[in-house]
Amino acid sequence: MAICRACKQEIPDGATKCHLCQSHQTWYRNPMVISQLFTLPMFIVLYIFILRPTWHSKDFEDYRDQFTVDQVSTTGSTDRHLTYKITNNTDYKWENVSYEIAMKKGAQLLSVENGTEYSWVIRPNGEALVTAYVMNPPVGTDTYEFHITDMKTNRF
Ligand SMILES: [Zn+2]
């Protein structure tokens, strides 16, 4: 004879269920244990899809100094096409560059334009070009300053 795990009464050897209290005698037949087994994969899924992306996404402000910008060309007269080469000195891939262009006459700031290139990607320790279009820049503009304001890291 065996002993029931729940009521401690004698039950037949090999019984999977106690005939007195109806308790399951093997862990894999116990509905309570089975339902708890599902919580582990649930936490793994939660980790992969919700927590991991935020831990791995970088803040551009922390890496700002590791990017350099060189002006490649300026074309057009009334509408300006300004092309810049961005060099990424980080070990991460970045995308969705946001920038501002400050238009100056000497030291005087005439205007600022903002733009974002959503399909833009730069590889780790790589280079990429960005072309900004400025429609009708203020008369007298002699300098265009390009500043990166934000980028996003690849989430996975
Ligand atoms: Zn029992």
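Which strand is the place of Lys152? It's strand β8, which covers residues 143–153. Keep in mind that everything in these close-ups comes from a predicted model.

View 1. Is Lys152 buried, exposed or partly exposed? Lys152 counts as partly exposed, because it has 16 C-beta neighbours inside 10 Å, while a buried residue would need 20 or more and an exposed one 12 or fewer. If you skip the neighbours within four places in sequence, Lys152 is in contact with Trp94, Glu95 and Asn96. Now look for Ser57: in sequence, Lys152 and Ser57 are 95 residues apart, yet in space their C-alpha atoms are 7.5 Å apart.

**View 2. An open sheet of three strands.** The order here is β3-β4-β7, and the pairing is antiparallel. At the edges sit β3 (67–75) and β7 (127–134), each pairing on one side only. From one strand to the next, the twist averages 25 degrees. As a bit of background, the strands of a sheet pair through backbone hydrogen bonds, and they can do so in a parallel or antiparallel way.

**View 3. Zooming in on β4 and β7.** Strand β4 takes in residues 80–88, and its antiparallel pairing with β7 runs over eight bridges. To get your bearings, find Thr87: standing opposite is Glu127 in β7.

Terms used
Residues are numbered from 1 along each chain as its sequence is written. This is a predicted model: local features need pLDDT of at least 70, side-chain atom pairs count only at pLDDT 80 or more; totals for chains, interfaces and linings use all residues. Helices (H or I, at least four residues) and strands (E, at least two) are DSSP runs, numbered from the N terminus. Two residues are in contact if their C-beta atoms, placed from the backbone, lie within 7 Å. Two strands pair if DSSP finds at least two bridges between them. Axes are lines fitted to C-alpha atoms, for helices over the stretch in contact, and angles run from 0 to 180 degrees between N-to-C directions.
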